[in-house]
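Welcome! Take a moment to turn the model around before reading on.

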Amino acid sequence: MKSVNQSIIGDDISFELQDGSFLFKNLSFSLNNEKSGLVGKNGVGKTTLLKLLAGELKPTIGKINKQANISYLPQDYQLDITQTIFEALNIKNNSDHGIEDKIINHFKKMNFIDIDFSRPLKTLSGGERMKVVIVKLLISNPDFIILDEPTNNLDYDSKSIVYEIIKNWNKGLLVVSHDRELLNLLDQILELTPKGLSVYGGNYDSYRMQKDIEEEALEKQLVTNKENFNKTKKQAQKTKEKQEKRSSLGKKSRDTGSESKMALNTMKGWAEKTSSKLEKIHKERVGDATKKLKEAKERILPKNKINVDLSETIVPSGKLIIKIKDINFSYKNSSKNLLSDFNLIIHGPAHIAINGPNGIGKTTLVKLITGELKPLSGEVYLGVDRISYLDQGVTILDSKKSLFDNIKELSKLEDYEVRVWLARFLFRADDAFKKVSSLSGGERMRAALACVLAGEKPPQLLILDEPTNNLDIDSIERIESALLNFKGVLIVISHDNEFLNKIGIDREVNLL
């Protein structure tokens with residue numbers, strides 16, 4: 001049963017940046033007891049809008065009317081792990097005398113029983129710390145919760161806690177997220193673009209279906225506008241040619257003296273006026289058709305599909321790619337092995353996910369596979385020599401150089417081949433010459449894939465470490481579409497289940 005209506009109403013909201021430009025203008029909306037997701041490209045102003053709603057910022061123009069008690073979890077929240085649970089929850093500053101009982105009940109609902117409030121946060125698992133964060137959010141008994149990227153950098157166990165809270169929440173909620181599994185738990189999706197805020201009923205999958213229908217209609221409209229534009233131009237040209245022909249005949253009549261001078265001058269004046277009037281009409285029509293064509297093009301979102309031929313990445317079925325036998329590994333000054341007597345065999349081709357909570361050793365394992373780290377004991381055998389590893393920082397790219405120079409250096413392609421290849425990865429025209437340092441996170445990962453997959457000998461073993469962290473959904477989909485063309489062995493570390501499903505993961509390696 002839904003609670004009594006509590007609302008947040010935005011009336012003609014605009015927010016101006018320090019340089020005088022507006023991040024967004026004239027946003028009007030009403031948020032009530034529904035669970036809403038806010039999506040949009042990185043940099044469009046999602047976090048700023050949340051801060052306006054939470055009261056951390058004020059709109060430059062417009063008003064926000066809040067008839068709700070709001071709890072806000074910012075994207076950059078941090079826990080001081082030296083604190084105890086009691087200190088982190090800040091119970092001593094709360095005037096509610098029954099607060100401890102409420103807190104215990106909140107923890108019980110999340111299966112955190114017999115809690116010791118004096119326990120330091122550093123002794124808790126990632127999932128347990130997330131429970132502390134959620135309880136801190138719920139202490140004030142909010143009517144409305146605002147969450148900014150609540151599942152970023154969390155392992156799947158911790159994400160599951162957030163999912164469960166959202167499933168069971170029966171009041172107002174607004175969340176910014178690129179986590180499609182989370183977005184599919186919501187009642188509606190709000191899309192923020194430079195053109196404004198649009199509302200789509202239903203969860204994320206429903207939103208995508210509606211967007212696909214919109215884009216299909218816009219593509220048809222673009223075709224119609226192109227046809228009208230060409231037709232209008234032809235009509236204008238025909239009219240111009242007819243007038244030129246009439247003017248030519250009139251001049252000929254004057255030259256031969258077949259008409260009186262007065263009649264000819266009258267006809268000339270009439271012809272000039274008619275020609276000028278028709279030219280103005282057709283100029284307006286062509287201008288109107290040009291405007292409609294431009295508007296239709298602007299409404300169509302760029303496609304996220306990357307189609308490239310990666311047949312050179314094929315590995316024979318059943319070929320031994322990786323054999324790890326009885327390896328042990330620990331870092332210096334550590335008394336405990338991170339990996340003990342670990343074994344793993346991988347045959348090609350396969351798409352594999354390495355799973356496990358944060359800190360369990362997933363990145364360490366892939367660095368042992370690539371040879372960046374050496375085991376204390378045991379053996380690592382590789383059955384291919386064409387290997388690429390893209391870490392979270394995408395350090396394979398030289399940030400000081402352009403994308404064009406990076407790919408040319410790594411692939412040895414000719415200049416025209418580089419341009420063609422980059423276009424296939426959706427880097428067109430001047431985008432090819434952008435410095436890597438100026439690229440967004442999604443562009444950097446897409447650029448890195450373009451670089452390592454180019455040339456005559458692309459990798460047969462590709463390893464990706466959290467490739468979708470902090471990326472917007474468009475960027476994630478572009479990476480997905482590129483990886484679907486990969487025919488070799490793919491090893492991915494990711495807590496994004498939707499991403500793993502989309503790239504065809506067929507085996508999981510679980511580190512416990």
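## Before we start

A crossing of two helices is called left-handed if the near helix is turned anticlockwise from the far one by less than a right angle, and right-handed if clockwise. Helices (H or I, at least four residues) and strands (E, at least two) are DSSP runs, numbered from the N terminus.

This is a predicted model, in which local features need pLDDT of at least 70 and side-chain atom pairs count only at pLDDT 80 or more, while totals for chains, interfaces and linings use all residues. Residues are numbered from 1 along each chain as its sequence is written, and side-chain values use heavy atoms, with hydrogens and water left out.

## Two helices side by side

Two packed helices are described by the angle between their axes and the distance between the axes. Here the pair is helix α12, residues 441–452, and helix α13, residues 473–483; their axes come within 9 Å and cross at roughly 10°. Axes are lines fitted to C-alpha atoms, for helices over the stretch in contact, and angles run from 0 to 180 degrees between N-to-C directions. The crossing angle therefore makes α12 roughly parallel to α13 (angles under 35 degrees count as roughly parallel, over 145 as roughly antiparallel, 65 to 115 as roughly perpendicular and the rest as oblique). The crossing of α12 and α13 is left-handed.

Which residues of α12 and α13 meet? From α12 come G442, M445, R446 and L449, and from α13 come S475, R478, I479, A482 and L483. The residues of this contact (heavy atoms within 4.5 Å) divide into 5 nonpolar, 2 polar and 2 charged. Ala, Val, Leu, Ile, Met, Phe, Trp, Tyr, Cys and Pro count as nonpolar, Asp, Glu, Lys and Arg as charged, and the others, Gly among them, as polar.

## An open sheet of strands

Now look at the open sheet, where 3 strands follow the order β2-β1-β4 with antiparallel pairing. Strands β2 (22–31) and β4 (61–67) stand at the edges with a single partner strand each, so one side of each is left without a neighbour in the sheet. Two strands pair if DSSP finds at least two bridges between them.

Strand β1, residues 7–16, is joined to β4 by 6 bridges; D11 stands opposite K63, and I8 has K66 as its bridge partner. β1 also pairs with β2 over 6 bridges, with F24 in β2 as the bridge partner of F15.
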